[in-house]
Amino acid sequence: MSIFEKYLKKHDFSSYEEFMDGFRIDVPVHFNFGYDVIDKYAEMEPDKDAIIWTDGHDVTYNVTYGEYKEKSDRIASFLQQLGVRKGDRVLLILRRRIEWWYTMVALHKIGAVAIPANHQLSDKDIAYRCQSAGVKVVICCDTTYVMENVQKASYFCRDIEHCVYVNDGNSSMAISDMWIDFWTAVNEAPEFTPIKKVNKSSDNMLIYFTSGTTSQPKMVVHDYAYPLAHILTARFWQQLDGQSRLLTVTDSSWVMAVWGMLYGQLLVGATVVVYDFKGKFDAHNLLSVMESCKVTSFFSPPTVYRFMLNEDLKKFDLSSLQHCVVAGELAHRHVYDDWKRLTGIEMKECYGQTEVGLVTGFFPWVESRTGSIGKASPLYTMELLNEDLEPCKVGEVGHVAINIDRGRPLGLFKEYFRDHDAMSKNNHDGYYFTGDLARRDEDGYYWFVSRADDVIKSSGYRISPSEVETALMLHPAVLECAVTGVPDDVRGQLIKATIVLKKLFKPEAGDKLAKQIQEFCKMQTSPYKYPRVVEFVDELPRTVTGKIRRVAIRKSDENGSR
């Protein structure tokens with residue numbers, strides 16, 4: 001029996017309606033992913049592969065559940081030697097190193113709080129996170145950039161007691177006495193003694209810093225019950241079972257990592273395939289990994305699918321591939337269509353956040369509908385509300401809100417750590433407001449519109465940037481684009497398109513091509529939605545997790561520095 005079945009009242013459904021009515025997760029008082037999942041599988045199936053890790057070139061190795069338990073126990077003991085105790089916060093900057101998987105579970109086993117962070121953060125970014133969260137220990141990979149920035153940040157963070165690095169011989173900096181060699185110390189640690197009932201399910205377990213697309217990042221706290229919410233993600237959206245091998249392309253710093261590389265996947269007994277590319281992403285290598293590791297399921301942002309579609313897919317044996325899912329940003333129609341034409345597999349979209357689990361998605365009984373984010377999940381009572389907080393009619397755009405009138409449902413974040421104002425702003429009138437806008441059609445499918453802050457108000461119209469971007473992406477010259485509003489005395493705002501051209505069209509950048517793209521956009525959507533301002537750029541501003549920062553474009557326009 002897969003472990004996830006223990007926590008479901010019912011796990012076999014014959015229809016979406018039965019699924020919505022009968023899906024329930026029982027949350028025990030003392031759930032701990034380390035003891036109740038990793039250690040339990042190590043007892044039941046010690047030789048089963050939990051993880052297949054590869055660098056895409058020379059090194060591939062399998063981590064069994066028996067080894068996973070052994071390594072996480074040893075690291076838990078090492079952390080205890082450093083003085084890490086229940087509730088202490090530990091920052092992890094480990095990219096896709098296998099140590100991230102071991103250390104996450106080790107922290108769970110001692111009741112501590114993990115804070116995954118991105119390897120591209122500056123010293124100021126790291127200091128902000130450590131000061132805001134009160135970080136006690138930093139564990140990082142050994143690239144010179146990361147270690148130098150951690151070292152600089154540590155001088156300004158009084159709570160940091162230890163800095164630990166995973167020694168791979170990559171750093172050229174002189175290693176001072178402040179640094180602890182991860183594996184040397186782990187191998188010297190005494191045997192670990194499991195801690196009975198170290199946590200309640202309601203205790204703090206995980207903190208993610210939001211992407212910070214519109215303001216300073218907020219600290220999103222999830223509790224120890226949070227992994228159970230991803231039974232829904234893995235079993236009923238990704239459609240995994242004990243024979244599945246899921247490859248997810250993401251960094252360990254992004255919430256997509258625990259959506260696709262840890263909790264739900266191991267709860268249902270699937271094997272996680274990790275592609276740890278060190279330098280620039282290479283779609284050819286990724287496809288080779290999918291072939292050699294016999295990947296059955298694939299999960300990534302749309303950008304990765306676009307890169308793969310630029311390769312000759314016929315050169316790769318993808319016969320093991322059965323399911324493909326996509327999240328992180330909206331995928332444009334041609335990506336869906338081209339992927340299905342070349343692989344025969346439909347990409348399945350969903351909607352969720354750092355703050356909340358799977359809110360909508362395409363489940364086994366829900367027919368595909370390109371461009372939609374699917375139908376409501378049974379975890380949440382979701383509503384679309386207008387400005388008067390009244391339910392929206394079919395087709396009407398409204399605020400996506402999660403009902404919390406009877407308590408915070410499983411998978412919804414516990415709080416914004418140390419930020420009462422942010423909690424009050426987003427949680428009121430019996431709802432958690434996601435900050436996103438969507439609409440629902442007559443068949444119950446939901447369609448993402450935009451972030452509420454991104455809506456453009458021009459000549460009395462409310463215009464969704466994503467709708468205009470979808471139209472622009474159909475033009476053969478457009479590789480990527482971002483649509484924003486720029487101030488205008490007459491219309492209030494003008495629609496602006498910031499466009500990255502495909503290589504073939506870059507020499508044509510100029511007024512003539514801009515005019516062609518504008519006329520093309522008029523034919524793809526309502527004429528009033530075409531971009532009156534077009535700017536060609538080499539790249540779009542992004543957060544460290546890869547999301548386009550429309551706010552950076554808006555600020556640049558406000559400052560007159562286009």
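This tour visits a set of salt bridges and then the nonpolar cores of a predicted model.

**Stop 1: Asp26 and Lys9**

Please begin by selecting Asp26 and Lys9. These residues form a salt bridge, and their closest N and O atoms lie 3.6 Å apart. The pair joins distant parts of the chain, the partners being 17 residues apart. Asp26 belongs to the loop between helix 1 (16-22) and helix 2 (33-44), whereas Lys9 sits in the segment before helix 1. Asp26 is partly exposed, at a relative accessible area of 34%. Lys9 has 58% relative accessibility and counts as exposed, because the limit for that class is over 50%.

**Stop 2: Asp276 and Lys278**

Next, select Asp276 together with Lys278. Here the salt bridge has its closest N and O atoms 3.2 Å apart. Is Asp276 buried or exposed? Its relative accessible area is 1%, so Asp276 is buried, the cut-off being under 20%. Lys278, by contrast, is partly exposed, with a value of 43%.

**Stop 3: Asp443 and Arg369**

Now move to Asp443 and Arg369, whose side chains meet in a salt bridge of 3.0 Å, N to O. Asp443 is partly exposed at 39% relative accessible area, and Arg369 is partly exposed at 28%.

**Stop 4: a network of charges**

Select Asp39, Lys69, Asp73 and Lys109 as one group. Salt bridges link these four residues in a network. Across the model, the count comes to 27 salt bridges.

**Stop 5: the nonpolar cores**

The largest nonpolar core holds 115 residues. Which of its members touch the most others? They are Phe33, Ile51, Tyr68, Trp101, Val258, Leu262 and Leu266.

Centre the view on Tyr68 and display its surroundings. Apart from neighbours within four places in sequence, Tyr68 is in contact with Ile38, Ala50, Ile51, Val63, Trp101, Tyr102, Val105, Leu262 and Leu266.

To end the tour, select Val295, Met308, Ala331 and Val335. These residues are among the members of a second, separate core of 30 residues.

Note on methods
Residues are numbered from 1 along each chain as its sequence is written. This is a predicted model: local features need pLDDT of at least 70, side-chain atom pairs count only at pLDDT 80 or more; totals for chains, interfaces and linings use all residues. Side-chain values use heavy atoms; hydrogens and water are left out. Helices (H or I, at least four residues) and strands (E, at least two) are DSSP runs, numbered from the N terminus. Buried means under 20% relative accessible area, exposed over 50%, partly exposed in between (1.4 Å probe, protein chains only). A nonpolar core is a set of buried Ala, Val, Leu, Ile, Met, Phe, Trp, Tyr and Cys residues joined through side-chain atoms within 4.5 Å. Contact means heavy atoms within 4.5 Å.
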